[in-house]
Amino acid sequence: MHRPESRSSKQTSLPRKGLALWIACLLCVAMSGCAAFLQSRPAPTEADFATIRPGMSSQEVVTRFGPPTWSFGVRQEDLTILNYRFNRNDCIIYQVSVRPDGSVRDAGTAWDPACDGPNGRQ
């Protein structure tokens, strides 16, 4: 024989579920706030990138400035180019040329190719 649930068990289960949901939401908010705090370091400036010198290791560059915005290889010179955008509203990027041994060959500003063309920023 099936016994219907009593009212008292329904009344106590709803507040527990609600409380668990609120705790879960608060934990998510707290964790995302902590993650944002840990990641919120000031964006590097052109002057910061100017401290990159030939002979530095690419690992030093990545440790200091984080992963590049994008990178690509230059086959004829056997280089990897690390591109950093230091101002999202500008068409200037900072490029770091890295040799196969992981050392920096040179670094400097360059024109962002994404700014060219009809759909690019101008």
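Begin with the aromatic rings: the structure holds five aromatic pairs, where rings of Phe, Tyr and Trp (its six-membered ring) pair if their centres lie within 6.5 Å. This is a predicted model, in which local features need pLDDT of at least 70 and side-chain atom pairs count only at pLDDT 80 or more, while totals for chains, interfaces and linings use all residues. Residues are numbered from 1 along each chain as its sequence is written, and side-chain values use heavy atoms, with hydrogens and water left out.

**Stop 1: the aromatic rings**

Select F49 and F86. Their ring centres are 6.0 Å apart and their planes are at 50°, so this pair is tilted; planes under 30 degrees apart count as stacked, over 60 as edge-to-face and the rest as tilted. F49 belongs to helix 2 (residues 46–49), whereas F86 is in the loop between strand 2 (79–84) and strand 3 (92–98), so the pair ties together parts that are 37 residues apart in sequence. Helices (H or I, at least four residues) and strands (E, at least two) are DSSP runs, numbered from the N terminus.

Buried means under 20% relative accessible area, exposed over 50%, and partly exposed in between (1.4 Å probe, protein chains only).

**Stop 2: the salt bridges**

How many salt bridges does the structure hold? There are three, each being a side-chain nitrogen of Lys or Arg within 4 Å of a carboxyl oxygen of Asp or Glu.

Select E77 and R105, whose closest N and O atoms are 2.6 Å apart in a salt bridge. E77 is in the loop between strand 1 (70–74) and strand 2, and R105 is in strand 4 (residues 104–111), so this pair ties together parts that are 28 residues apart in sequence. E77 is partly exposed at 40% relative accessibility, and R105 is partly exposed at 32%.

Shared partners join E77, R105 and D106 into one network of salt bridges. D106 is partly exposed, with a relative accessible area of 31%.

Next, select R85 and D112. In this salt bridge the closest N and O atoms are 2.5 Å apart. R85 sits in the loop between strand 2 and strand 3, and D112 in the segment after strand 4, so the pair ties together parts that are 27 residues apart in sequence. R85 is buried at 17% relative accessible area, and D112 is buried at 1%.

**Stop 3: the strands**

Switch to a cartoon view and select strand 3. Five of its seven residues are buried, so strand 3 is largely enclosed by the rest of the structure.

Which way do strand 2 and strand 3 run? They run antiparallel and are joined by five bridges; two strands pair if DSSP finds at least two bridges between them. To find one of these bridges, select T80 and its partner V98 in strand 3.

Strand 3 also pairs with strand 4, in the antiparallel sense, over seven bridges. Here V96 has A107 in strand 4 as its bridge partner.

End at the turn: strand 3 and strand 4 form a hairpin with five residues between them. Select G102 in this turn, which has a positive phi of about 90°.
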